[in-house]
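Biologist: Could you take me through the terms used for this model, setting each value against its cut-off?

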Amino acid sequence: MIIQVHSGNTAYFECFASETRLRMIELLNVRPMNIKELAAELELSSAIITKHIQKLEDAGIVGTESLSGLRGRQKVCRLLPDTVTLQFRTPEAKDLRQYSVSVPIGQFSDFQVKPTCGLTSEQALIGMVDDPRYFSDPERVKAKHLWFASGFVEYRIPNYLVGSQNAQSLSLSLELCSEAPGYNENWPSDITFSINGVVIGVWTCPGDYGSQRGAHTPAWWNMGTQHGLLKTLAVRSDGTYLDGVYLSDTTLSDLGIRYGEDLRFRIASREDAEHPGGVSLFGRQFGNYDQEIEVTVHY
């Protein structure tokens with residue numbers, strides 16, 4: 001997750017101006033806790049803790065879920081982001097315009113996958129698990145979570161540039177993780193990202209996350225993987241960055257972006273990789289982040 005340092009994000013930074021909220025983040029880093037547990041640990045009332053949690057939840061730092069307990073319903077809180085990068089200066093944004101598109105994870109234009117694999121909407125499985133044929137099913141466009149042990153899915157990103165407009169930077173934000181049978185949080189996977197057939201970088205995901213329910217994962221889903229990690233790719237004139245950290249020397253000029261041609265964004269798990277650990281993708285109503293593949297082009 002990348003947070004731009006400007007006045008519009010004041011509410012986010014206010015979350016860290018309170019020692020109480022910082023202590024809550026420390027406690028939730030150890031394990032998820034309910035409101036009563038946090039109140040007891042910090043020696044504060046549940047009402048005060050609830051107000052602090054609301055602020056952290058509004059900022060996307062903490063996710064909550066109402067679960068049944070021994071004494072009725074309880075609000076369980078957990079940390080959402082693993083890493084946050086503060087962006088103080090954005091050279092690409094100077095005197096630039098932009099357009100943004102949200103690409104649903106089920107609207108892939110090409111694929112080649114091997115089991116374990118499957119797709120599901122927020123309401124039900126799409127077809128049968130471990131049967132790649134259902135990645136061709138018309139219902140695939142409704143997918144909010146998909147997974148495969150090896151292969152790729154590819155998306156077409158519309159190119160709205162006209163006339164003399166030239167792309168100056170391209171960013172893509174998505175929630176994903178590895179794919180293990182069931183789940184395994186120590187299951188590294190080398191995930192390769194490419195645009196227009198050009199590899200922009202490889203990220204090794206640490207695991208496949210299933211021990212904690214995703215903040216937006218439907219209650220009926222009990223098939224293992226619950227959420228991923230939110231990652232942001234940025235292709236600029238000086239290279240490609242992942243969450244603000246240098247990933248490769250692939251630049252925007254290497255991608256061959258042409259007027260009137262869509263961009264092809266591929267997410268792959270190669271069988272010949274050092275860690276061939278598969279891919280799990282999450283869209284709205286699934287995982288910890290209520291989003292699809294979010295794309296922004298500065299020009």
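This is a predicted model: local features need pLDDT of at least 70, side-chain atom pairs count only at pLDDT 80 or more; totals for chains, interfaces and linings use all residues.

Modeller: Residues are numbered from 1 along each chain as its sequence is written, and side-chain values use heavy atoms, with hydrogens and water left out.

Biologist: Why is helix 2 called oblique to helix 3?

Modeller: Helix 2 (residues 19-30) and helix 3 (residues 35-42) pack at an angle of about 120°, with their axes 11 Å apart. Angles under 35 degrees count as roughly parallel, over 145 as roughly antiparallel, 65 to 115 as roughly perpendicular and the rest as oblique, so helix 2 is oblique to helix 3. The axes are lines fitted to C-alpha atoms, for helices over the stretch in contact, and the angles run from 0 to 180 degrees between N-to-C directions. Helices (H or I, at least four residues) and strands (E, at least two) are DSSP runs, numbered from the N terminus.

Biologist: Which residues of helix 2 and helix 3 meet, and what is the make-up of that contact by class?

Modeller: With contact meaning heavy atoms within 4.5 Å, T20, R23, M24, L27 and L28 in helix 2 meet L38, E41 and L42 in helix 3. By class, this contact of helix 2 with helix 3 has 5 nonpolar, 1 polar and 2 charged residues, where Ala, Val, Leu, Ile, Met, Phe, Trp, Tyr, Cys and Pro count as nonpolar, Asp, Glu, Lys and Arg as charged, and the others, Gly among them, as polar.

Biologist: What makes helix 3 and helix 4 roughly perpendicular to each other?

Modeller: The axes of helix 3 and helix 4 (residues 46-58) come within 9 Å and cross at roughly 110°, and helix 3 and helix 4 are therefore roughly perpendicular to each other. The contact is made by I35, K36, L38, A39 and L42 of helix 3 together with S46, I49, T50 and I53 of helix 4. By class, the contact of helix 3 with helix 4 has 6 nonpolar, 2 polar and 1 charged residues.

Biologist: How do you know whether S280 is buried or exposed?

Modeller: Buried means under 20% relative accessible area, exposed over 50%, and partly exposed in between (1.4 Å probe, protein chains only). S280, which lies in strand 16 (residues 279-282), has a relative accessible area of 0% and is therefore buried. Not counting residues up to four places away in sequence, S280 touches H145, L146, W147, E175, L176, C177, S178, E179 and T225.

Biologist: With which side chain does the side chain of S280 make a polar contact?

Modeller: The side chain of S280 makes a polar contact with the side chain of E179, at 3.3 Å. A polar contact is a pair of N or O atoms within 3.5 Å; within protein, one must be able to donate a hydrogen and the other to accept it, and residues adjacent in sequence count only if both atoms are side-chain atoms. A polar atom of the S280 side chain also lies 3.0 Å from the backbone oxygen of S178.

Biologist: Why does V113 count as buried, and what makes S68 exposed?

Modeller: V113, in strand 7 (residues 110-120), counts as buried because its relative accessibility is 8%. S68, found in strand 3 (residues 62-69), has a relative accessible area of 59% and is therefore exposed. Leaving aside neighbours within four places in sequence, V113 is in contact with P132, F135, F148, S150, G151 and F152, whereas S68, on that basis, is in contact with R73 and Q74.

Biologist: What joins P115 and T116?

Modeller: A cis peptide bond joins P115 and T116, with omega about 5°, and T116 has its place in strand 7.
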